[in-house]
Amino acid sequence: MRKRNNAIDVLKFLFSLLILFYHAIYVISPDSVKIYPGGGYWRRIFLRGFGIFNGSFCF
Amino acid sequence: MARSAFKTAERKNGSLCLGEETVAFLGRKIGTLFPYFAFAYIVSATVQIIIYQITGKILIKNLVYSVWEILLLHQSGINVFRWVQGDWYISAMLIGMLFIYPFLRRYLRTYSYIAAPCVVILYMGYFSKKYGYLHVTGDWNGFVYDSLIRAFGGMNLGIIVYAVAERLRNISFTRLGRRLLSVCACTGYVSIFVTVFLRSKGAIDFIWLLCIAGSFAITGSGAGSLCRRLNALDSKSFVFLGEYSMALYMNHLTCQHVVKRWFSSWDVGKRIALFCIMGLVLAWLCVFFIKYVKIFWDKYKWHVRRLFLEESR
């Protein structure tokens, strides 16, 4: 029997953490980018990155 | 899901009964995912009923129309009231798998090498022309949700990635080669999260999708030196991470209602921190709740069955 691939579980976990952080920024407070200097950059970071991957890596 | 479909289709042989096998495969998938969804549904509905004080006819209407959500069918286009925000992907993937699995099971190589690439090419072309980017979650195109097409295309990409990973797995790499693969995969993941955001959304999405597919093929093959080191470790804690990620994805959006409604006066940093902490704790509770429900069910399921079913002779 093939051994379980632990790296995939690690990836799932990392992506779910990143999605949590994205929603923290985007859903809870869309204007939260103001807390970062040059906030537009960070806003684009979270919007685009998670927009592409969404939840597909979590399960 | 694409990975498990590929693995199941590859493992099985002998006589085919595609209908039953497909239903059995989806049944197993639903059996794995549904406890997380059920927990998220109960918690999210309870939280929203309390916070927004939903009562009377509206409550009954919402509960009745959420039946399609419970059946994980809302991506079919049926009018539905949704309590859980993050479940669209599960619905889309299950509906998509209903079409993919029988073909994958019957024509594994043909589907992996011909049909799946065709679907992915058409899917990327369609999204590129219609939207110019990939972040689409609910647009109705007159026939199906485009998010359903997105999930379908994503699963087909997953099948290609897994076929490539299988090829990589059968190649003997030198130590240097394995290290190089690890560097490529890590560079892919890191560079996506660093550079993907430097530009506005657009055609570059598709390049990033290619990068993540390549990185994941290396990870899935387990050929990289980093993967080999991780795989040499005990799987127990990693299994927990996999389960926890699902719980976190399903449950964290419930916390938005609490934070937005009751903590709107807090400054933004505290709200973000509170949301993250609540999400992590709720996901942890979900994992342990499901674990103990499973233990309880395994212990008493025969007693419950005996209440309703006659024992077979």
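This is a predicted model: local features need pLDDT of at least 70, side-chain atom pairs count only at pLDDT 80 or more; totals for chains, interfaces and linings use all residues.
Gln53(B) sits in the loop between helix 2 and helix 3 (56–65) of chain B. Its backbone deserves attention: Gln53(B) is not a glycine, yet its phi is positive, at about 50°. Most residues other than glycine have a negative phi.

Next, select Leu72(B), another residue other than glycine with a positive phi, here near 60°. Leu72(B) is found in the loop between helix 4 (67–70) and helix 5 (88–106) of chain B. Is Leu72(B) buried or exposed? Its relative accessibility is 4%, so Leu72(B) counts as buried, the limit for that class being under 20%.

Now display the whole of chain B as a cartoon. The secondary structure of this chain comes to 13 helices and zero strands. Read from the N terminus on, the elements are therefore α-α-α-α-α-α-α-α-α-α-α-α-α. Along its principal axes, the C-alpha trace of chain B spans about 65 × 65 × 45 Å. Of the 313 residues in chain B, 45% are buried. Colour the surface by atom type: the accessible surface of chain B comes to about 17000 Å², and carbon and sulfur atoms account for 66% of that area. Contacts can also be viewed along the sequence. Among those in chain B between residues at least 6 apart in sequence, 70% join residues at least 24 apart.

Thr22(B) belongs to helix 2 (residues 18–51) of chain B. Which residues does Thr22(B) touch, leaving aside those up to four places away in sequence? They are Leu98(B), Tyr101(B) and Pro102(B). Thr22(B) has a relative accessible area of 5%, and it is therefore buried.

The next stop concerns aromatic rings. Over all chains, the structure holds 17 aromatic pairs. Select Phe13(A) and Tyr244(B) for one of these: the ring centres are 6.0 Å apart and the planes stand at 55°, so the pair is tilted. Phe13(A) lies in helix 1 (residues 6–28) of chain A, and Tyr244(B) lies in helix 11 (residues 236–251) of chain B, so this pair joins two chains. Both Phe13(A) and Tyr244(B) are buried. For another arrangement, select Trp140(B) and Tyr145(B), whose ring centres are 5.2 Å apart; their planes meet at 80°, so the pair is edge-to-face. Trp140(B) counts as partly exposed, because its relative accessibility is 44%.

Finish at the surface. Select Phe296(B), Trp297(B), Tyr300(B), Val304(B), Leu307(B), Phe308(B) and Leu309(B), which form a nonpolar patch. Together these residues have about 790 Å² of accessible area. Leu307(B) counts as exposed, because its relative accessibility is 68%.

Note on methods. Residues are numbered from 1 along each chain as its sequence is written. Chains are lettered from A and ligands numbered from 1 in the order in which they are written. Side-chain values use heavy atoms; hydrogens and water are left out. Rings of Phe, Tyr and Trp (its six-membered ring) pair if their centres lie within 6.5 Å; planes under 30 degrees apart count as stacked, over 60 as edge-to-face and the rest as tilted. Helices (H or I, at least four residues) and strands (E, at least two) are DSSP runs, numbered from the N terminus. Buried means under 20% relative accessible area, exposed over 50%, partly exposed in between (1.4 Å probe, protein chains only). Patches are made of residues with over 30% relative accessible area and no salt bridge: like charges are joined within 9 Å, nonpolar side chains (Val, Leu, Ile, Met, Phe, Trp, Tyr) within 5 Å. Accessible areas come from the Shrake-Rupley method with a 1.4 Å probe; for residues, only the protein chains shown count as cover. A salt bridge is a side-chain nitrogen of Lys or Arg within 4 Å of a carboxyl oxygen of Asp or Glu. Contact means heavy atoms within 4.5 Å.
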